[in-house]
Amino acid sequence: MTTQEVIKLFDKYVIANYNRLPKVIARGQGCYIYDADGNKILDMFPGWAVSGIGHCHPKIVKAIQKQAEILLHMDNTFYTELQGRLAKLLAERAFGGKSFFCNSGAEAIEAALKLARIHTAKGKYKFITAFGSFHGRTFAAMTATAQPKKHAGFEPMLPGFVYVPFNDVDALQKAFTDDVAAVMIEPIQGEGGINLATQEYMAAIRQLCDKNHALMILDEVQTGIGRTGKWFAYQHYNVEPDIITMAKALGGGVAIGAMMAKPDIAASFVPGTHASTFGGNCIACAAAIAVIEAIEEENLLENAAKIGQYTADKLNQLKNKHSIIDHVRGKGLMLGIQLKKPGAEIVSKCLDAGLRINCTQETVLRFMPPMNVTAGQIDDAIKILDIVMTKTGA
Ligand SMILES: Cc1ncc(COP(=O)(O)O)c(C=O)c1O
């Protein structure tokens, strides 16, 4: 089918809830995607952080192929070795927690919120979240997302959510009433514009949660599975959460989410309290195990930290050349370029020139390449961005 024919199919049959760029992507390999017209595009935002070790990593592909011939899916009436092995791998990389598996970030958030409610004392029901956060599109995840524009038209939101400014310890302290069950933040706000929690803020959340018998939930859906140079972003801080959520890069391109909780908290989920039909699906677990093994075999945590610094340095050099850049911020391979003006035109011109990047909150360009990106690929991306910024007079 031609690009126009595919777009026509979408116009007729697919709900138009996304702003799609006018390209049909036919395949992907590593740091590159190829459109239906044969154009090669350098992908610095693969799958919105899903393809964390690149498109179609051979180890993931092999693991899926092998598992597909054995068992595609088994329901949670039984045990499967893969689900148990994946949970162990995750526990070994984050505070020895126990995992509940689901299929997406929003579902992991729902599980975390439900666990916090059922685990904490009677009368504790409130959740504190931060302005600028993004936690997903299901009703509780949307309500937790403290951005009015994401709520517009869907009101009323669910009761029990309190919003505070991000990184504001005083505001958090004031919001902390006896009925708070949990505080939930992203250690680095992703969709909100690559905003990093301060060490002081993370420590204050931990301290206030302990003092008030509330739980600290960290949404690591975007930051998790190595992107920042550590398995989870909280590991850059001297703080341990009670619950983390993950999804996106966990399956390397296969839908899987997980909510991990400290074992004594996890014990509050008993049969009948929570479930997901597809949770712990065999193909998804096989893919996630392959992702974790590949990250270790290829030293990708180190690479994310090292190339992340390299990319940040290069972007900072661009800043000296282009006045539209205000500053660069981020951690590892989760980087944002704060512009002084909207960035949509830059994103679209970059795509025309063979580079895919993202713009969030109108003025923040997001660079989130796969963890196995090379310095040469970063150089190519920066070259295109430089040319586009020069041409647009930015
Ligand atoms: C931090 C964070 N939490 C939750 C979500 C929701 O994940 P999903 O789209 O898989 O439901 C996202 C998605 O972008 C996210 O960035």
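## The chain as a whole

Of the 394 residues in the protein chain, 55% count as buried (under 20% relative accessible area with a 1.4 Å probe, protein chains only). This is a predicted model, where local features need pLDDT of at least 70, side-chain atom pairs count only at pLDDT 80 or more, and totals for chains, interfaces and linings use all residues. Residues are numbered from 1 along each chain as its sequence is written, and side-chain values use heavy atoms, with hydrogens and water left out.

The C-alpha trace spans about 60 × 55 × 45 Å along its principal axes. As for accessible surface, the protein chain has about 17,800 Å², with 55% of that belonging to carbon and sulfur atoms (Shrake-Rupley method, 1.4 Å probe).

## Fold make-up

You'll find 13 helices and 17 strands in the protein chain (DSSP runs: H or I of at least four residues for helices, E of at least two for strands). Take the contacts (heavy atoms within 4.5 Å) between residues at least 6 apart in sequence: 70% of them join residues at least 24 apart.

## The second largest pocket

The second largest pocket holds about 820 Å³ of space. A pocket here is an open set of points on a 1 Å grid over the protein atoms alone, where a 1.4 Å probe fits, with protein on both sides within 12 Å along at least five of seven lines; lining residues have an atom within 4 Å of a point. Its volume is the space filled by probe spheres set on the points.

Among the 27 lining residues, Asn-76, Gln-83, Ser-99, Phe-100 and Phe-101 sit closest to the pocket's centre. Helix H3 (81-93) and strand E4 (98-102) are the elements that give two or more residues to this lining.

Technical notes. Buried < 20%, exposed > 50% of the residue type's maximum accessible area, 1.4 Å probe, protein only.
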